Amino acid sequence: MKRLIEHGRVIDPASSMDDFLDILIEDGRIAAMAAPGAFETLKLDAQVSTISAQGCIVCPGLVDMHVHLREPGEEYKETIATGTKAAAAGGFTAVACMANTRPVNDNQSVTEYILEKARREAVAAVYPVAAMTVGQKGTQLTEMGELSRLGVKAVSDDGHPVEDALIMRRAMEYAGRFGLTVISHCETTSLSKTGTMHEGWVSTKLGLEGIPAAAEEIMIAREASLAELTGVPIHIAHVSTAGSVEIIRRAKEKGIPITAETAPHYFSLTHRAVMGYNTLAKMNPPLRTSADVAAIKQGLHDNVIDAIATDHAPHSILEKDLEFNAAANGIIGLETALSLTLTLVQTGVLDLSQALAKLTCHPADILKIPAGRLVVGGSADITIFQPDQPVVVDIQKFASKSRNSPFDGWKLQGKVIMTVFRGQTTYSA
Amino acid sequence: MPLISLTQKDLLGIEDLTPEEIKLILDTAEMLKEISRREIKKVPTLRGKTIVTFFFESSTRTRTSFDIAAKRLSADTFSLTGSSSSLTKGETLLDTARNLEAMNPDLIIIRHPASGAPHFVAERIKPGVINAGDGMHEHPTQALLDMLTVRDRFGRLDGLKLAIVGDLFHSRVARSNIMGFSKMGAKVMVAGPPSLVPPFIQHLGAEVAPTMEEAISGADVIMMLRVQNERLQGAFFPSVREYAVFYGLDRKKLALAKENALVMHPGPINRGVEISPDVADGPQSVIMDQVTNGVAVRMAVLLLLIGGRAGEKAN
């Protein structure tokens with residue numbers, strides 16, 4: 001079975017390719033890429049199906065290095081099947097899922113369960129991120145060596161940051177031995193404590209306890225120092241403040257091995273979104289000020305922030321339709337990420353190739369996974385999207401099992417037309 | 001044209017009220033005060049109306065005040081507390097509120113430790129909701145009774161200088177009063193230990209003074225806030241002793257304010273901590289007037305929300 005994607009503008013940020021090309025797919029792999037019309041004779045073959053990408057961008061399948069698939073344990077919120085369907089609908093062909101499942105993914109059994117489920121049900125590549133410490137409790141290291149043999153590429157305690165700097169140092173040193181990427185959710189919990197939103201005029205007005213920007217920045221500074229000390233690269237998850245961008249910028253200038261991601265909501269919304277006690281604007285780290293949003297955009301432009309990841313965090317109304325203090329943190333993001341990222345292109349913050357790099361090769365390189373690029377002989381993971389087509393976000397149409405998005409009703413531009421994973425169509429508009 | 005009724009179904013915060021609406025509530029309260037001085041302290045205005053007080057946080061004064069206000073207007077009142085309600089059985093706030101709604105009350109009065117909880121309920125049920133204090137957010141009827149008390153003495157609010165001193169961070173009374181008094185044209189200065197002054201409080205309409213002395217100098221009104229010393233001592237300020245030295249109101253500090261300045265406190269008082277006994281019981285103290293006015297203001301609010309059209313039906 002052969003497939004031909006023709007008439008598209010092919011952008012592969014990893015190879016700086018931006019050209020009109022036809023792509024031939026054979027046995028789930030990219031067999032060839034050539035000038036439009038080069039495969040004309042092949043089209044006579046009944047075995048070849050053609051996909052028109054006229055007026056569309058054809059790019060590597062998107063990579064989301066930070067999602068929560070909730071399986072095992074919270075299948076009422078999301079499963080590996082529905083989560084990867086949502087990924088496909090958003091143009092993603094690879095996701096890295098965080099370890100805060102029930103039970104926590106801190107051992108080989110849970111990792112094997114996730115991988116086996118993914119093999120059977122997923123419509124995107126699933127890369128489980130294992131916990132760095134047992135139970136994400138910050139005291140005992142997980143069996144990272146064995147986990148890496150199973151295919152784990154990264155470790156993180158994500159929402160439960162390791163407060164003990166010595167444990168963090170040892171975890172980094174140990175993970176480094178196995179080439180595992182260490183991902184840090186930076187939050188000094190002794191400072192954020194009972195806070196439920198960004199500390200600023202909105203929190204004061206609403207009478208909610210705040211989480212100052214410093215809670216994030218202190219730990220990023222610590223992680224940068226530990227990366228310098230150990231020589232092991234650190235990846236900073238979901239950067240949300242201007243100060244964080246500055247700390248990472250300085251660390252990079254110093255040659256410290258540090259990379260960073262942000263999420264679309266940190267460049268699309270501010271703490272004002274919480275007004276009215278909107279629990280769909282409750283996340284951790286919290287939405288910050290417009291000055292922070294501007295700095296995040298600048299950081300993306302300057303490549304201080306390497307990747308855009310969604311932190312896709314499905315929750316049901318049981319966790320979200322509550323008084324603000326009691327509601328869970330997090331929003332879903334897989335099905336809005338591309339359109340929101342394209343706003344950065346439309347407003348001149350990033351060019352298209354730069355924007356796509358942050359959703360493809362950059363996260364793939366940070367995780368050291370074979371994804372995020374168009375390579376002859378490589379897996380045919382390809383996304384086709386129309387960059388200018390107006391879309392109205394409709395949460396009722398989401399493939400995700402959850403509906404907790406603050407972007408419902410937003411008018412955006414850019415629509416995923418088709419997602420191809422290992423040569424097979426996993427989403428078609 | 002002067003307002004004759006409130007158009008909203010709820011009273012959730014001073015933030016949502018216009019100066020005209022505040023004036024309407026205060027004028028209505030003024031008119032209703034007379035009922036409480038009668039031999040038979042009851043009018044039939046709200047007969048057949050059902051009011052539920054739903055307090056998920058301990059309170060003596062506010063709950064009793066609402067209860068008396070409702071009864072003086074002949075409404076039927078029912079009261080639920082955190083421990084007697086189903087919340088302790090794992091029912092969510094929303095489920096409890098919907099169950100209350102199903103019994104067709106006209107008004108639900110809520111106090112809850114989570115900021116925004118009354119707003120959350122009000123958005124989801126048909127009956128009106130009065131916020132009787134939500135977390136660290138607002139306590140609108142307290143601010144209204146405070147404004148009534150001050151207006152009684154000075155005949156106006158605009159142009160007055162109000163000083164609010166103490167734990168501003170945790171205080172819903174402070175937030176509502178800052179917004180209320182500044183909306184009515186008063187100048188509001190606040191002071192407290194820096195660890196208890198929330199960031200950007202000036203956005204609410206207050207000016208932050210570096211010291212208590214500076215805040216109260218030349219003030220017409222001094223409002224002292226309660227210090228929850230059990231919770232705060234050590235973590236927010238070194239000791240109650242030191243707190244009293246820098247942020248307690250005694251006669252010496254009181255002399256910095258205007259000669260006829262009023263001393264207020266939302267209660268309950270920690271005598272000897274935020275306020276010395278002689279000041280609390282002194283001639284400038286209007287603390288008991290606040291309590292009396294609380295009933296009048298709450299009667300006004302009940303009447304304006306569920307009493308039909310205009311305030312003149314009170315008699």
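Predicted model: local features only at pLDDT ≥ 70, side-chain atom pairs only at ≥ 80, totals over all residues.
A residue is called buried when its relative accessible area is under 20%, exposed when that area is over 50%, and partly exposed in between.

**A:Ile51**

At 9% relative accessibility, A:Ile51 falls under the 20% cut-off, so it counts as buried. A:Ile51 sits in strand β4 of chain A, which covers residues 48-52. Beyond its neighbours within four places in sequence, A:Ile51 contacts A:Arg3, A:Leu4, A:Ile5, A:Glu6, A:Ile384 and A:Met418. A:Asp158 is 107 residues away along the chain, and its C-alpha atom is 40 Å from that of A:Ile51.

**A:His312**

A:His312 belongs to a loop of chain A, between β15 (307-308) and α11 (317-320). Its relative accessibility is 1%, so A:His312 counts as buried. What does the side chain of A:His312 reach at 3.3 Å? It reaches the backbone nitrogen of A:Leu334. Leaving out residues up to four places away in sequence, A:His312 touches several others, including A:His66, A:His68, A:Glu78 and A:Ser400.

**A:Tyr76**

A:Tyr76 also has a loop position, between β6 (62-67) and α1 (80-89) of chain A. Its relative accessibility is 42%, which lies between the two cut-offs, so A:Tyr76 counts as partly exposed.

| Residue | Relative accessibility | Class |
|---|---|---|
| A:Ile51 | 9% | buried |
| A:His312 | 1% | buried |
| A:Tyr76 | 42% | partly exposed |

Methods. Residues numbered from 1 in each chain as written. Chains lettered and ligands numbered in written order. Heavy atoms only, no water. Helix = DSSP H or I, 4+ residues; strand = E, 2+ residues; numbered from the N terminus. Buried < 20%, exposed > 50% of the residue type's maximum accessible area, 1.4 Å probe, protein only. Polar contact = N/O pair within 3.5 Å; in protein donor to acceptor, adjacent residues only side chain to side chain. Contact = heavy atoms within 4.5 Å.
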